[in-house]
Amino acid sequence: MNSPRSAGPPAGTVTDPGPYRGTGVPHRPPAVLPAAPPWRTYRGGPDLAPPPDDEAEADRRLGAATPTPVATGPVAGETAAVNAALLLRRPLLITGPSGVGRSAVAFRVARELGLGRVLHWTVTGASVLRGALYTGGPAGVRLGPVGTALLPYGRPRVLLVEGLDRGDFDLPVELRAALRRGGFDIPELADDASATVTADDPGVVAPAPHGVVACHEPPITVITAGRSQIFPPEFLADCLHWEHPVPTVADLTALVRTRAGITDSADPRLLALVAELAEAWSADPQALGRLTSGQVLDAVALAAAAPWPREEAPDAVAARLLGLLRAHAPGAP
């Protein structure tokens, strides 16, 4: 029997915009999600056990979860976009330049709402949907990240599709079809009423009688791309679209301090260096050779591991370290 779904608020009730706050701090107790619209519920079942967490990956992507994060708050528009996608169970297409935190949104959603490890599909020019759904045959089938996201769970999984604009032109339409259907068939298992499949989670095996995989509701799907114009209209019609803004100096400072674990009690010169790096990146990202947040973090790590001479000012250190990293940045002169 399927687990009970979250009920919506009574008519006329004034509520918060949604459960997602954009802080990455887990709700205690776990957040109650809005019920999926009836036109986005499916016949899958019964519920599988809740998925495992991957705290190490979340910490690597977001920094350690603390009750009082350094961050100043979510990027403008993020909470509204995510909560709309949660309410409607529609994919959220996030476009914008690389290195600004598009993929981190999926990890914040999973950590904050307690939805387990993120199922992650990185798209390349050679990617095909079948490989993201399943691989193998009658001797054993392993589901990929998209296939696992379409298994029946009491609460939706978070699926990150990274770089969909790198794939074949038909790939978005094929992904749309699988999400709209709420599942897929594995023809190799069609004659096996007791067929099982291995999920894209450590040690998890799930039933797939006659090779049918079907969810209760679609996953919370976060899709990243550089731009939206290349996608077919029917795919865009199914997505909510949010253009990730270029981070402000305050956003970048908070991001670097959170990821690097730098608190207010750190060496004042290191705090000043973080601010200088954020200022330099925000002021002229193209002239800096398309530096990413990861490269700025590397600059902070270099400065923290090898203290600079007292007579060298933080802005000079920032320029020196950014110059070192620019030599290895894609497209750098």
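The legends below describe close-up views of a predicted model.

**View 1. The largest nonpolar core of the model has 38 residues.** Leu150, Leu164 and Ile186 are the residues with the most contacts inside this core. At least two core residues come from each of the strands β2 (119-122), β4 (140-143), β5 (158-162) and β10 (220-225). The helices α4 (129-133), α5 (145-149) and α6 (171-181) also supply at least two residues each. Helix α6 gives the largest share, four residues.

**View 2. Leu150 is shown with its contacts from other parts of the chain.** Neighbours within four places in sequence are left aside here. Leu150 is in contact with Leu133, and also with Ala178, Leu179, Gly182, Gly183 and Phe184. Further contacts of Leu150 are Val213, Ala214, Cys215 and Pro219. Apart from the core that holds Leu150, there is a second, separate core of 26 residues. Leu33, Val82, Phe107 and Trp242 are among the residues of this second core.

**View 3. Helix α2 (residues 78-88) packs against helix α3 (residues 104-113).** Two packed helices are described by the angle between their axes and by the distance between those axes. For α2 and α3 the angle is about 65° and the axes are 12 Å apart. Angles of 65 to 115 degrees count as roughly perpendicular, and α2 and α3 are therefore described as roughly perpendicular to each other. The crossing of α2 past α3 is right-handed. On the α2 side, the residues that meet α3 are Glu78, Val82 and Leu86. On the α3 side they are Val105, Arg108, Val109 and Leu113. Five residues of this contact are nonpolar and two are charged, with no polar ones.

View 4. Most peptide bonds are trans.

View 5. Most residues other than glycine have a negative phi. Arg89 is placed in the loop between α2 and β1 (92-95). The relative accessibility of Arg89 is 5%, so this residue counts as buried. His210 is in the loop between β8 (205-207) and β9 (212-214). With a relative accessibility of 41%, His210 counts as partly exposed.

Definitions and conventions: Residues are numbered from 1 along each chain as its sequence is written. This is a predicted model: local features need pLDDT of at least 70, side-chain atom pairs count only at pLDDT 80 or more; totals for chains, interfaces and linings use all residues. Side-chain values use heavy atoms; hydrogens and water are left out. A nonpolar core is a set of buried Ala, Val, Leu, Ile, Met, Phe, Trp, Tyr and Cys residues joined through side-chain atoms within 4.5 Å. Buried means under 20% relative accessible area, exposed over 50%, partly exposed in between (1.4 Å probe, protein chains only). Contact means heavy atoms within 4.5 Å. Axes are lines fitted to C-alpha atoms, for helices over the stretch in contact, and angles run from 0 to 180 degrees between N-to-C directions. Angles under 35 degrees count as roughly parallel, over 145 as roughly antiparallel, 65 to 115 as roughly perpendicular and the rest as oblique. A crossing is left-handed if the near helix is turned anticlockwise from the far one by less than a right angle, and right-handed if clockwise. Ala, Val, Leu, Ile, Met, Phe, Trp, Tyr, Cys and Pro count as nonpolar, Asp, Glu, Lys and Arg as charged, and the others, Gly among them, as polar.
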